[in-house]
Amino acid sequence: MAGETILVVDDASVNLKLTDIVLRKEGFRVHAVSDAEQALNALASLRPSLVLADIQMPGMDGLEMTRRIKEDPLTRGIVVVALTACAMKEDEQKALDAGCDGYITKPIDTHTLGTRVREYLARGCLS
Amino acid sequence: MPLQTERPNSTAGQNASAVLWDLPDSLREFVSGGDPEMVVEILTLFQDDSSVRLRELNDALAAGDRDAVRKQAHTLKGAALQIGAIAMSGLCREMELLATSAPGPQLLDLACRTWECFERTCRYMLQTENWG
């Protein structure tokens with residue numbers, strides 16, 4: 001499972017960098033972009049196993065991006081995991097309603113992020 | 001870096017007792033693991049990105065764009081919490097919650113306090129930058 005490609009989408013550069021660092025250390029290949037449009041463009045050529053996406057982003061938000069990924073027959077098989085703020089419980093349900101396969105709450109826990117990503121990848125393989 | 005904490009002495013309101021900065025264990029471990037440069041890079045990113053976002057937040061406030069204020073406060077809150085800038089994160093959370101309902105002067109006051117807290121946090125980070 002290590003070595004799989006993860007597409008990370010977050011407009012907050014601190015979170016984007018930290019996620020990139022942690023997932024690379026866990027052995028994943030990481031492609032990091034700062035907005036949803038870049039992510040959708042990247043999916044034209046990149047076939048990540050999992051997209052880790054912030055929900056609240058300027059322009060297209062993570063929910064709309066997820067809907068588009070899940071509507072497209074070419075990309076609907078990609079596991080999409082939302083990054084949501086702890087205090088925003090309603091965001092978690094919105095993420096699932098939009099088609100996300102799960103969510104990880106922020107702030108990012110560097111100890112557990114890799115494990116959580118592997119769990120979601122394993123679930124994706126089963127479904 | 002000594003990785004200490006400081007309590008702000010000039011931050012008014014309910015966040016007055018909040019810790020100014022306390023590097024989280026998850027980042028501290030990069031230091032103990034022999035990779036302090038990574039933490040420096042993340043803290044520098046935080047400072048650069050937050051200063052831009054705080055300016056954009058002030059512009060949004062001046063333009064009366066409450067939704068933009070809320071979104072910027074949300075992102076600032078998350079970044080601050082991630083690097084352990086606890087007092088700033090609390091102020092941003094307050095601003096996010098009040099962005100669409102509070103009177104303009106109250107939001108302006110909160111924005112000023114957030115700026116002040118951010119600057120104090122950055123100064124404190126610089127003062128304690130001693131990676132040995």
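**Two chains and their packing: questions and answers**

Student: Which helices do the buried residues of H2(B) pack against?
Tutor: The model is a predicted one. In it, helix H2 of chain B covers residues 36-62, and its buried residues include B:Val39, B:Phe46, B:Asp49, B:Arg53 and B:Leu61. The buried residues of H2(B) pack against helices from both chains: H1 of chain A, and from chain B the helices H1 (25-32), H3 (66-83) and H5 (104-127).

Student: How far apart are the end C-alpha atoms of H2(B), and why does that agree with its 27 residues?
Tutor: The expected span is 1.5 Å times one less than the number of residues. For the 27 residues of H2(B) this gives 39 Å, and so the model agrees, with the end C-alpha atoms separated by 39 Å.

Student: How are H1(B) and H2(B) oriented to each other?
Tutor: Their axes are 6 Å apart, and the packing angle is about 135°. Angles over 145 degrees would count as roughly antiparallel and 65 to 115 as roughly perpendicular, so an angle between those ranges is classed otherwise. H1(B) and H2(B) are therefore oblique.

Student: Into which classes do the residues of the contact of H1(B) with H2(B) divide?
Tutor: H1(B) contributes B:Leu27, B:Phe30 and B:Val31, while H2(B) contributes B:Pro36, B:Met38, B:Val39 and B:Ile42. No polar and no charged residue takes part in this contact; its residues are seven nonpolar.

Student: What is the order of elements in chain B from the N terminus on?
Tutor: Chain B has five helices and zero strands. From the N terminus, the order is α-α-α-α-α.

Student: Is B:Glu96 buried or exposed?
Tutor: B:Glu96 sits in helix H4 (residues 86-98) of chain B. Leaving out residues up to four places away in sequence, B:Glu96 touches B:Arg70, B:Ala73, B:His74 and B:Lys77. The cut-off for burial is 20 or more other C-beta atoms within 10 Å. B:Glu96 has 23 other C-beta atoms within 10 Å, so this residue is buried.

Student: Which strand order does the open sheet of chain A have?
Tutor: The sheet is built from five strands with parallel pairing. S2 (29-33) and S5 (102-106) each have a single partner strand, so these two stand at the edges. Neighbouring strands are turned against each other by 20° on average, direction ignored. The order is S2-S1-S3-S4-S5.

Student: Which residue is the bridge partner of A:Ile6 in S2(A)?
Tutor: Strand S1 (residues 5-9) of chain A pairs with S2(A) over five bridges in the parallel sense. The partner of A:Ile6 in S2(A) is A:Val30.

Student: What angle does the direction of H1(A) make with that of S2(A)?
Tutor: H1(A) packs on the sheet and touches S1, S2, S3 (50-54) and S5 of chain A. Among the buried residues of this helix are A:Val14, A:Leu16, A:Leu18, A:Val22 and A:Leu23. The angle between the directions of H1(A) and S2(A) is about 175°.

Student: Which helix of chain A gives the most to the side of chain A that touches chain B?
Tutor: Between the chains, 18 residues of chain A are in contact with 16 residues of chain B. The side of chain A that touches chain B consists of nine nonpolar, five polar and four charged residues. With six residues, the element that gives the most to this side is helix H1 (residues 13-25).

Student: Is A:Glu4 buried or partly exposed?
Tutor: A:Glu4 is in the segment before S1 of chain A. Its contacts, not counting residues up to four places away in sequence, are A:Phe28, A:Arg29, A:Ser49 and A:Leu121. A:Glu4 has 16 C-beta neighbours inside 10 Å and so counts as partly exposed.

Student: What is the omega of the cis peptide bond that joins A:Lys106 and A:Pro107?
Tutor: A:Pro107 is in the loop between S5 and helix H5 (113-126) of chain A. Most peptide bonds are trans. The bond joining A:Lys106 and A:Pro107 is cis, with an omega of about 5°.

Technical notes:
Residues are numbered from 1 along each chain as its sequence is written. Chains are lettered from A and ligands numbered from 1 in the order in which they are written. This is a predicted model: local features need pLDDT of at least 70, side-chain atom pairs count only at pLDDT 80 or more; totals for chains, interfaces and linings use all residues. Two residues are in contact if their C-beta atoms, placed from the backbone, lie within 7 Å. Helices (H or I, at least four residues) and strands (E, at least two) are DSSP runs, numbered from the N terminus. Ala, Val, Leu, Ile, Met, Phe, Trp, Tyr, Cys and Pro count as nonpolar, Asp, Glu, Lys and Arg as charged, and the others, Gly among them, as polar. Two strands pair if DSSP finds at least two bridges between them. Axes are lines fitted to C-alpha atoms, for helices over the stretch in contact, and angles run from 0 to 180 degrees between N-to-C directions. A residue is buried if 20 or more other C-beta atoms lie within 10 Å of its own, exposed if 12 or fewer, and partly exposed in between; C-beta atoms are placed from the backbone. Angles under 35 degrees count as roughly parallel, over 145 as roughly antiparallel, 65 to 115 as roughly perpendicular and the rest as oblique.
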